[in-house]
Amino acid sequence: MNVFDLLSLKGKTAVVTGGSIGLGAQMCSALAEAGANVVVAARKVERCAALCEELEKLGVRAIPAACDVGKPEDRQNLIDLTVKEFGKVDILVNNAGITWAADSLNYPMDKWERVLNVNVTGLFDLSAIAARVMKEHGGGKIINVASIAAFVGAEPEMQDTVAYQASKGAVVILTKDLAMKWARYGIYVNAIAPGYFPTHMSSGLLEMTKDRVLPRIPLRRFGGEHDLKGLVVLLASAASDFITGQTFIVDGGMTCG
């Protein structure tokens with residue numbers, strides 16, 4: 001196969017959680033541009049529907065799905081819907097995540113449990129549900145969205161979100177462990193760890209801290225609207241068929257120093 005064939009996702013079906021806006025929408029667009037049909041999942045289904053209308057202009061099928069990854073019934077329903085509509089799941093992008101800022105000395109445990117429930121427990125359970133389908137069809141690709149928060153601590157003035165950091169660290173090691181356990185089924189598990197990208201969840205914080213953050217990024221800019229597209233297509237496609245268990249940092253060089 002030539003390189004374009006290797007990167008093609010024609011005939012594949014992708015599920016993207018947290019897919020309606022921000023980084024999730026960017027990855028949905030990339031997968032659709034590469035030829036995949038896409039199930040766009042998020043809590044606000046009207047946003048998913050709006051994005052699906054745009055994706056279908058690319059000549060693929062795109063279906064909106066209401067899904068709170070923190071709810072077991074929503075996780076099962078998402079994969080059931082995908083199988084009903086497409087007969088299989090080839091690609092799962094675990095992008096949905098939440099955070100909560102609070103003093104780490106007095107962090108509310110209900111918020112800790114909520115963050116871990118969505119970012120780790122929900123991600124694992126959804127992956128397992130999808131993997132059971134993938135196993136029946138000869139394999140698939142799972143892409144977890146971690147964060148550079150998994151690799152470095154943060155001063156409270158910069159990011160006072162201890163549960164988020166802990167959850168993303170868990171995603172990195174979970175990626176490695178599932179890759180080991182599921183390789184025998186032809187299921188690849190990798191992760192992307194974005195640096196600072198302005199999104200609905202981070203734009204306010206970045207605006208307040210940009211004078212401190214930008215000098216620490218060698219490329220001197222935040223991540224942009226196309227900076228994850230190539231990587232997610234690579235990890236979803238046959239071009240990455242000898243890559244599993246890895247976390248790819250996309251941060252403009254911030255963690256190099």
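**Salt bridges and a helix crossing**

Good morning. Glu-155 is partly exposed, with a relative accessible area of 46%; on this scale, buried means under 20%, exposed over 50%, and partly exposed in between, using a 1.4 Å probe and protein chains only. This is a predicted model, in which local features need pLDDT of at least 70 and side-chain atom pairs count only at pLDDT 80 or more, while totals for chains, interfaces and linings use all residues. Residues are numbered from 1 along each chain as its sequence is written, and side-chain values use heavy atoms, with hydrogens and water left out.

Side chains of opposite charge can pair when their charged atoms come close. A salt bridge here is a side-chain nitrogen of Lys or Arg within 4 Å of a carboxyl oxygen of Asp or Glu. The structure holds 10 salt bridges, and I shall present some of them.

Glu-155 forms a salt bridge with Arg-212, the closest N and O atoms being 2.8 Å apart. This pair links distant parts of the chain, 57 residues apart: Arg-212 is in helix α7 (residues 203–213), and Glu-155 is in the loop between β5 (140–145) and α6 (162–182). Helices (H or I, at least four residues) and strands (E, at least two) are DSSP runs, numbered from the N terminus. Arg-212 is partly exposed, at 41%.

Next, Asp-125 pairs with Arg-75 in a salt bridge, with 2.7 Å between the closest N and O atoms. Asp-125 lies in helix α5 (residues 109–136) and Arg-75 in helix α4 (residues 72–86), so the pair ties together parts that are 50 residues apart in sequence. Arg-75 is buried at 5% relative accessibility, whereas Asp-125 is partly exposed at 23%.

Which residue does Lys-229 meet in a salt bridge? Its partner is Glu-33, at 3.0 Å, N to O. Because Lys-229 lies in helix α8 (residues 229–236) and Glu-33 in helix α2 (residues 22–33), the pair ties together parts that are 196 residues apart in sequence. Lys-229 is buried at 15%; Glu-33 is partly exposed at 48%.

This brings me to the two helices themselves. The axes of α2 and α8, lines fitted to C-alpha atoms over the stretch in contact, come within 9 Å and cross at roughly 55°. Contact means heavy atoms within 4.5 Å. Among the residues that meet are Gln-26, Met-27 and Glu-33 in α2, and Lys-229 and Val-232 in α8.

Thank you.

How values were computed. Axes are lines fitted to C-alpha atoms, for helices over the stretch in contact, and angles run from 0 to 180 degrees between N-to-C directions.
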